[in-house]
Structures are given as structure tokens and as C-alpha cells.
Amino acid sequence: MTEDSSITLTLHSLQLPFSNTWKYGILAIAILLLLVALTILVCQVCQLQKRHRARKKKKYHSEDRVRIKAENGFWGKKMPPLLLDTSKASNADFKMTELQAGPDEPHFCPSCSTSEDPSNDGGPLPSSRGKLKFSLLYRRERCELLVSGLEAWGLPGRGHTGSAVRARLLQEVPSRIPGLQCVVQEWRSRVVKSCSRLAFGDHFVCSLRDAEVEKSTLKLEVQRFDKYSRNAALGEVRVALRELKASRSLAVCAELQETTKDIVGEVLVSLKCLPISQRIEVGLLKAKTTPPRSTADVYARIDVSCRRHRQKHQKSRPRAHTPLIIFNETFLFHMPEPPAWDCTVLVSIYQVGSDPRHLIGQAAVGKSRAREASDHWDLVKKSIQQPVAKWHPLLV
């Protein structure tokens, strides 16, 4: 027994130092890992604080924080603004100065003095849409209209989006339709990143006979573009070209007015409500437009929205662009149950093969639309399962 006890004591004495070495080694490794973890945590906290300070500085020290919402109606944020219900003329109160100068000489507009420059007052005036400055020159010997010197300032939402100017040359057309206009030519300037004062640097030239000047109007519309390639109209300026004189430059500086639409034709639309099958039938019958300027075909796109939910659009077959376009096509759209009488039908006529898409005109039918469109919708509600057709103006 004595020999066995001595052997046991010897073994225990040999195992104790080995066991303590492992314990202290593991403890040292744990402390080292803890220090590494704390170091990583401190670094992450420092980086987070730096990012937060940078974001806060950018938020509170940026000069351009004003945003503008596009009036998209109930189509949603991804749709362009719907048509206005009525077509009305814009009576812009602008100042004009005739200058005895050539098209390449600099022009001065008294109403565009430096005291009105937004760089001096820090931004647009209250309830102001901004201002637009440009020059017009009619060359009688060449039968040309020159638009140049496009500048804009005081626009809302600058610093976040780009802006461009879309120009349309309109002419009055004798017709039974009141206020019928013909789009002679259309341009769009390059997109300029928003700043305190935008200089587009574009000039437009259009062939215009002397006899057409008296009944022509130039419409300049300032548009805003965002990162999703959507555009919203900020305002417009209209100038009656009867103010022009041959070989005299006309400098215009005007406040932007609310954008309005022009009548360029009419379309015959038939509507039929089918409550049993929960559908609405849209019949596209005919369309009347002004004489076309090109030989390209056209097609129609039908959009239906019920209770702020937009259905998938449908397109017609291409047709020849003539003053009277015959479609004679019907389209079926789903209508939720119970029947939703707040639906809106949008008929858009586009030119085939144009890039970007060239809009000929649009017509909207619905309860919340213009009086004629609302009356049509009321007749549809009273004539269940019976088609009701009516003419509607095409606006652009």
C-alpha cells in the first residue's frame, strides 16, 4: 500500500504543472481575442460617427433642399401628369424690348436686371414659378424663325434634378372645334443640371412663311427631370408672333405661368359597362387631327385606372396618319366588384417609330374629368351593358 500511494503522489505532482500551463494559455488567448474585438468595435463606432457627421453636414449646409411634387393625379408616381380638364390660353404678363441687332449680337432685356437675379436675393420669390428669358428673330428673306438665348432662374427644386425647355410652334386652324391648334414644329433643349441660373445654350430654327406669322404662337414649357427619367412641367411662356417685326430681335423676359393644354383634334370613344363579367369595354372608333406633317403611322394606347389602381395598358394596330383616322377596335379591362364608378380612361395617340415617343394628343374620360367627359361617364352608368359613344377633344 505504501508503494502504491507514493506512485499516485508522484503522478499528481507531474500533472499539476501541465494543467496550470493550459489554463493560463487559454486565459491569455481569451484576453487577446477580447482586446481584438474591443478594438474592432471602437473602429466601427468611429467610422459610424464620421459618416453621421458628414451626412448631417450635407443635410444642413446644402443650398438646394427644395423639392417639387409632380401632379400625377391618381395614376401614381410612375405616370406622367394627366391632362388638364380644360384648354385655356395663358395670358403671360411679360415685358418685351425690340432691339436693332443681328441674331448673333448680345441682347439686353430691361426686365432681367441684376436686382432680380436669384444669386442676389438667395432664391425664387414667394409663390413664383421662376422666370424664362429668350430672344426671337424672324428673317423674312429666309422665312425663318430663330429662337435663341434660353435662360431660366428661380425654378423650384433646383439642385436635385435637371431641367429642359420644350418649344412648340402652334398655329390656329379654322374648324368647327373651338380653339383648334396645329403643332407646326416641336423641339426640346438639352437637359441642364439645376443651379441658380440655367443657360441652355440651344437655338431653334423653324421655316415660317410671312403669312403664317400673324396666326402663330410660340409656347415654351420648362420641364423638370429626376433620376427616374420622369418629367414634370414647371411652367410655360406663350408669345404671339404678331409682335415680331422683320429683322428686329425681340427679347422676352417673363414669369412662368401655369401649364395649359391645347386642342389638336378629337377622338370618338365608346364605353360599355359589363358588371356581370366585371369588365369595362372601351371602343376606339375614330380620331380627327390636323393635317399631318409627316407620313409616319400612328397608334393608340389605352390606359384604364379604377380606384387608383392602374390596369395594364393596351395598344391598337398602327394606322395611317390622315386627318380622319379609322380605328374601330375594342378593348376589355377588368373592373373590380362592386362596380367602381371612379374609373378613368386615358386615350393617347402616338407616332409610330419615333424615339422618344412623339405624342399626337390625349383624351381623358372619367367622373373627375372635364364636363363633357363627366357627362359621358354619367350616361355609361345609366346605360348598363349598352355602349355609349361620344367625341372628346385631343389635348397636347
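Why are Lys381 and Asp378 separated by about one helical turn? Because the two are three residues apart in helix H3 (residues 371-382). Helices here are DSSP runs of H or I with at least four residues, strands are E runs of at least two, and both are numbered from the N terminus.

Some ground rules. This is a predicted model, so local features need pLDDT of at least 70, side-chain atom pairs count only at pLDDT 80 or more, and totals for chains, interfaces and linings use all residues. Residues are numbered from 1 along each chain as its sequence is written, and side-chain values use heavy atoms, with hydrogens and water left out.

Back to that pair. Lys381 and Asp378 form a salt bridge, with the closest N and O atoms 3.7 Å apart. The criterion is a side-chain nitrogen of Lys or Arg within 4 Å of a carboxyl oxygen of Asp or Glu. By that rule the count is 16 salt bridges. Now accessibility: buried is under 20% relative accessible area, exposed is over 50%, and partly exposed is in between, using a 1.4 Å probe and protein chains only. Lys381 is partly exposed at 27%. Asp378 is partly exposed too, at 26%.

Next, Arg197 and Glu151. Their side chains meet in a salt bridge, 3.0 Å from N to O. Arg197 sits in strand S7 (residues 197-199) and Glu151 in strand S3 (residues 144-153), so this pair ties together parts that are 46 residues apart in sequence. Then Arg209 with Glu212: the closest N and O atoms are 2.7 Å apart. Arg209 is exposed, at 55%. Glu212 is buried, at 12%. There is also a network of salt bridges, linking Lys219, Glu236, Arg238 and Asp262.

On to the cysteines. A disulfide means two cysteine sulfur atoms within 2.5 Å. The count is one. The partners are Cys306 and Cys343, sulfurs 2.2 Å apart. The link is right-handed, with 105° about the S-S bond. The pair joins distant parts of the chain, 37 residues apart: Cys306 is in strand S14 (residues 298-306), and Cys343 is in the loop between strand S17 (324-334) and strand S18 (344-351). Cys306 is buried at 3%, and Cys343 is buried at 0%. Cys43 is in no disulfide; the nearest cysteine sulfur belongs to Cys46, 6.5 Å away. Cys43 is partly exposed, at 42%.

Now strand S12, residues 263-274. How many of its twelve residues are buried? Twelve, so the strand is mostly covered. Strands pair when DSSP finds at least two bridges between them. S12 runs antiparallel to strand S20 (residues 388-395), with eight bridges. Leu271 faces Val388 across that pairing. S12 is also antiparallel to strand S13 (residues 279-289), with ten bridges. There, Gly265 stands opposite Thr289. The S12 and S13 hairpin has four residues between the strands, and Gln278 takes a positive phi near 55°.

UniProt, in an unreviewed entry, places a "transmembrane region" at residues 24-48. Such annotations may be inferred rather than shown by experiment; names are shortened and positions follow the numbering used here. In the model, residues 24-48 are 100% helix and 0% strand, with the end C-alpha atoms 36 Å apart. Tyr24, Leu27, Ile31, Leu34, Leu35, Leu38, Leu41 and Val45 make a nonpolar surface patch of about 800 Å². Patch residues have over 30% relative accessible area and no salt bridge; like charges are joined within 9 Å, nonpolar side chains (Val, Leu, Ile, Met, Phe, Trp, Tyr) within 5 Å. Areas come from the Shrake-Rupley method with a 1.4 Å probe; for residues, only the protein chains shown count as cover. Val45 lies in helix H1 (residues 2-61) and is partly exposed, at 39%.
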